[in-house]
Amino acid sequence: MNILDKIIADKYKEVNLKKSLIPISQLEQSKLFGRDVKSLATALRSSSTGIIAEHKRRSPSKGTINQNTNVGQVAIGYQNAGVCGMSVLTDIKYFGGSLEDLQLARASAEMPLLRKEFIIDEYQILEAKSNGADVILLIAAVLSKEEIKVFSELAKSLHLDVLLEVHNEEELQKSIMPSLDMLGVNNRDLKTFEVSLNTSKELSKQIPDDFVKVSESGISSIEAIQDLKQFGYQGFLIGENFMKTENPGKSALDFINELKK
């Protein structure tokens, strides 16, 4: 069993427990459930930089990245840096995140927030909405075509943006449907954790222009972004590069200022 299989097996247990503790009716009564959401796809289309900055304390591939972070301060720093949106890890066991992180980021900033999570149940989409997310992530590697359709259509009915993540051509071909806003190519193989920007380059031609193209993982330089822009990418998810520093917001600001030159 690889790490992705372990994460998903644990996620089913976690979600089943949550469903037994907090009914959907309670999620729908959240103050945040009725708020007007902000579109990340729209922000990326009109941006010259396209940075989506991530809040991530640790990961299975890198171990501890930054355990001392204050998610509210990071959110304020990212917003002041001018990022298009913020990705907030909410998986506890493997990434050290939580829904409280999402709530704190929402209380601290106005920019679009992506709930970065391994979504395997419709319940988690309602949970994302009730905790202040504007965008959900769906991972093609762990979902069937029918699940992608059902989950993305539910998200759209809640006015949430949908970022669908793929790793290869097979995942991409089963995933293209009108209920998606953004197609993200993860340059990290979730089974081996090896990273190659060539994954984004090779798949770019097969992503229809109707979708905002997002490149994820392994992006740490201005050159990488300038290179990927030539392949039609408008969004760039950067986490570790900012989070491993003492002040992620300042790192994002310096990076964006350099990118604008």
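I take buried to mean under 20% relative accessible area, exposed over 50%, and partly exposed in between, with a 1.4 Å probe and protein chains only. I note that this is a predicted model, where local features need pLDDT of at least 70, side-chain atom pairs count only at pLDDT 80 or more, and totals for chains, interfaces and linings use all residues. Residues are numbered from 1 along each chain as its sequence is written, and side-chain values use heavy atoms, without hydrogens and water.

**Ser217**

I looked up Ser217 and found it buried, with a relative accessible area of 15%. Ser217 sits in the loop between strand 9 and helix 10 (222-229); helices (H or I, at least four residues) and strands (E, at least two) are DSSP runs, numbered from the N terminus. Its side chain makes a polar contact with the side chain of Arg188 at 3.5 Å. For such a contact I need a pair of N or O atoms within 3.5 Å; within protein, one must be able to donate a hydrogen and the other to accept it, and residues adjacent in sequence count only if both atoms are side-chain atoms.

**Barrel**

I traced eight strands that close into a barrel in the order 1-4-5-6-7-8-9-10, with parallel pairing. Two strands pair if DSSP finds at least two bridges between them. Strand 8 (residues 182-186) and strand 9 (residues 212-216) are joined in the parallel sense by five bridges, and Gly184 has Val214 in strand 9 as its bridge partner.

I then checked strand 7 (residues 161-166), where six of six residues are buried. Asp161, Leu163 and Glu165 point one way, while Val162, Leu164 and Val166 point the other way. Strand 6 (residues 135-139) pairs with strand 7 in the parallel sense over five bridges; Leu137 stands opposite Leu163.

**Salt bridges**

I searched the whole structure and got 21 salt bridges, each being a side-chain nitrogen of Lys or Arg within 4 Å of a carboxyl oxygen of Asp or Glu. One of them joins Glu110 and Lys38, with the closest N and O atoms 3.9 Å apart. Glu110 is in the loop between helix 5 (99-108) and strand 5 (113-116), and Lys38 in the loop between helix 2 and helix 3 (40-45), so this pair ties together parts 72 residues apart in sequence. Glu110 is exposed at 53%; Lys38 is partly exposed at 33%.

I also looked at Asp134 and Arg106, whose side chains meet in a salt bridge (2.7 Å, N to O). Asp134 is buried at 0% relative accessibility, and Arg106 is buried at 9%.
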